[in-house]
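Hi,

Here is the structure I said I would pass on. Have a look at it first, and then read on for what turned up.

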Amino acid sequence: MEYLILILGFALLIKGADIFVDGASNIAKKFKIPPIIVGLTIVSLGTSAPELAVSLISSIEGNNGIAIGNVLGSNIFNTLMVLGVTAIIMPIIIKKSTMFKDYLVNIVVSLGLLILTFGRTLFNKEAALSRVSGIILLLSCIVYIFYLIKTAKTSGVEEEDEDNTEYKVGASIVRIIIGIIGIVIGGNLVVNSASSIAYSFGLSDKLVGLTIVAMGTSLPELVTSIIAAIKGENDIAVGNVLGSNIFNILLILGVSSAINPIIVSSSLIVDMIFLIFIAIILGLFMFTGKKEKLNLGKIKGLILVLLYICYMVFIIYRN
């Protein structure tokens, strides 16, 4: 039965992501909003819904240690597997200028999380995300959203839509809502069924949380980015990943630690440093070279996937 639920979850994820990308893309074209902004806001918030649900429930129940593990695991999965697999299936080509600032925000936010979490340990205190840290993250999230809104207002569409297709706002919003519902329900079904299957094989709670739950809640980002890339919406594909990573840290960990301070295992400093390391690697892949457009192709995508496999091997041996 769990295997049937798993298949159903995947089906809902794929169809939901397909509908969601269409709706978001139509909204962008209707209001002349740069697709990168749509990817960084509507799409990334929608695909981060499973992480938000898992983290909020964990925090309310007092098990919010799961929250930070889920976010770290999801962000690592997004950076390596989502972009890696997407690039292998369909090489990602976008202008460097549209992505560089948001990439820097991603780096700064990841560094900020490391400092807020482990900066206290320099004074022989327990590593934790306090309520104050949560409020700082939430305020940073608000500032980032205002930055995106300002960017959307000042950035014009470089190329006019040559076709005369009329994009209906109401219908597009309905598609976005239906897509989000499918993504969230599908993600939950996949996580729950995969966890049950994993437990039946005798895997530990900690290992399941770092792998199955993190990967399961990141499936919406994976499916959405792949479908967006196939449809030629490369800005949405990459913006979805960067936006999701940023919101996972600022919004999800901000809300979770504001509800209940998160005591962080000292071993997670390795995962945080690894997250920053792979973000730097991604930057080298995307922004080095003289070409105006970045090209994340099959070889680079394969390297990202192999890095994730190495990380998984490390996680299994560590636990």
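A word on naming before anything else: helices here are DSSP runs of H or I with at least four residues, numbered from the N terminus. Please also keep in mind that this is a predicted model.

I269 is found in helix α11. With a relative accessibility of 30%, I269 counts as partly exposed. Its C-alpha atom is 7.4 Å from that of L114, although I269 and L114 are 155 residues apart along the chain.

The UniProt record (an unreviewed entry) lists "transmembrane region" at several places, including residues 129-149 and 269-287. In the model, residues 269-287 are 100% helix and 0% strand, with end C-alpha atoms 27 Å apart. Residues 129-149 come out as 90% helix and 5% strand, and there the end C-alpha atoms lie 28 Å apart.

Now the aromatics. How many aromatic pairs does the structure hold? There are six. One of them is Y144 with F247, an edge-to-face pair at 5.8 Å centre to centre and 65° between the planes. This pair links distant parts of the chain: Y144 sits in helix α6 (residues 131-154) and F247 in helix α10 (residues 234-259), 103 residues apart. Y144 has a relative accessible area of 5%, so it is buried. F247 is buried as well, with a relative accessible area of 2%.

Back in α11 there is another pair, F274 with F277. Their ring centres are 6.3 Å apart and the planes are at 35°, so this pair is tilted. Both residues lie in helix α11 (residues 268-287), three residues apart, which is about one turn of the helix.

G134 is in helix α6, and at 0% relative accessibility G134 counts as buried.

Last, the surface. A nonpolar patch there is formed by I88, I89, M90, I230, L302, L306, I309, V313 and Y317, with about 840 Å² of accessible area together. Which helix gives the most to this patch? That is α12, with five residues. Both α4 (65-89) and α12 (298-318) supply at least two patch residues each. Take L306 as an example: it is placed in helix α12 and is partly exposed, with a relative accessible area of 44%.

Cheers

Definitions and conventions: Residues numbered from 1 in each chain as written. Predicted model: local features only at pLDDT ≥ 70, side-chain atom pairs only at ≥ 80, totals over all residues. Heavy atoms only, no water. Patch = residues over 30% accessible without salt bridge, like charges linked within 9 Å, V, L, I, M, F, W, Y side chains within 5 Å. Areas by Shrake-Rupley, 256 points an atom, 1.4 Å probe, with all protein chains shown as cover. Salt bridge = Lys/Arg side-chain N within 4 Å of Asp/Glu carboxyl O. Buried < 20%, exposed > 50% of the residue type's maximum accessible area, 1.4 Å probe, protein only. Phe/Tyr/Trp six-rings, centres within 6.5 Å; stacked < 30°, edge-to-face > 60°. UniProt positions renumbered as here; feature names shortened; annotations may be inferred.
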